[in-house]
Amino acid sequence: QGKTVWQSEIDAIAETVDFLRFNVFYANEIYANQPKVHSKGVWNRVEYRPLEGFVLAISPFNFSAIGANLSSAPALCGNVVIWKPAPTSILANFLFFQILTESGLPPGVISFLPSQPAPISTLLHSPHLSGLHFTGSTQTFLHLSQIISSNLTSKVYRTFPRIVGETGGKNFHFVHESADFESVLNSTIRSAFEYSGQKCSACSRLYFPESDWNKGYGFKTKLIEQISQIKLGAA
């Protein structure tokens, strides 16, 4: 995926482990959420069932951890998953799939399916589609949602597919006048331009005290100077 060692460690190791731990914790919390009031001679209990069909997990090119999460979270809750990784992240995602297999994941719970768009169209029109777990571009997500909505109208599915999607956002830095401006300068540049800014957590907005923007510390001038030294392409 073309990341530095620093960025790779944060993503492929630390964040992947975080997802696995968090998902187990919150799944346990959901299952433990049971009725607290019972009539005499009656025990009220909620049973959480997997979806009836398969979940289609479509993961992006930029984070190995997201691929790990999109595929494993539905499986953790008892669902069968078909996992389609982005073409440029197949190797990293396949490594995680191999780790799951070696750790004892039963065959067929998660099916790894690197492919062109055509097979995905077939899956979206399958009567057994029960969920879409997606991270990627807004345009692609809207396209997939429109297909599913149209198929609902045509009564293609046996159930109502659940749709969960993330299409990025606008990360910002809100800086107080008491902040260490040199640290803010370095952190803002790293957040905005590390990995060429190809991540939803990249800084795209900066709210800075007017008193030190042009005058005082002169943050604006220093920011422009630092950015002008960034090289594009081969170093």
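Which strands does helix α4 (residues 117-124) lie across, and at about what angle does the helix run to β1? Select residues 117-124: helix α4 lies across β1, β2 and β4, and runs at about 150 degrees to β1. Helices (H or I, at least four residues) and strands (E, at least two) are DSSP runs, numbered from the N terminus. Axes are lines fitted to C-alpha atoms, for helices over the stretch in contact (heavy atoms within 4.5 Å); angles run from 0 to 180 degrees between N-to-C directions.

The model is predicted: local features need pLDDT of at least 70, side-chain atom pairs count only at pLDDT 80 or more, and totals for chains, interfaces and linings use all residues. Residues are numbered from 1 along each chain as its sequence is written, and side-chain values use heavy atoms, with hydrogens and water left out.

**The sheet**

Next, display the strands. Five of them form an open sheet in the order β3-β2-β1-β4-β5, with parallel pairing; two strands pair if DSSP finds at least two bridges between them. At the edges are β3 (110-112) and β5 (162-166), each of which pairs on one side only. From one strand to the next, the twist averages 15 degrees.

Now select residues 54-58 and 129-135. These are β1 and β4, which pair in the parallel sense over five bridges. Within this pairing, Ile58 has Phe134 of β4 as its bridge partner.

**The salt bridges**

Turn to the charged side chains. A salt bridge is a side-chain nitrogen of Lys or Arg within 4 Å of a carboxyl oxygen of Asp or Glu, and by this rule there are four. Accessibility is given as relative accessible area: buried means under 20%, exposed over 50%, and partly exposed in between (1.4 Å probe, protein chains only).

- Select Asp11 and Lys3, whose closest N and O atoms are 2.8 Å apart in a salt bridge. Asp11 is buried at 1% relative accessibility, and Lys3 is buried at 16%.
- Select Arg45 and Glu47, where the closest N and O atoms of the salt bridge are 3.1 Å apart. Arg45 is partly exposed, with a relative accessible area of 44%, whereas Glu47 counts as exposed at 57%.
- Select Glu52 and Arg49, whose side chains form a salt bridge at 2.7 Å, N to O. Both Glu52 and Arg49 are exposed.
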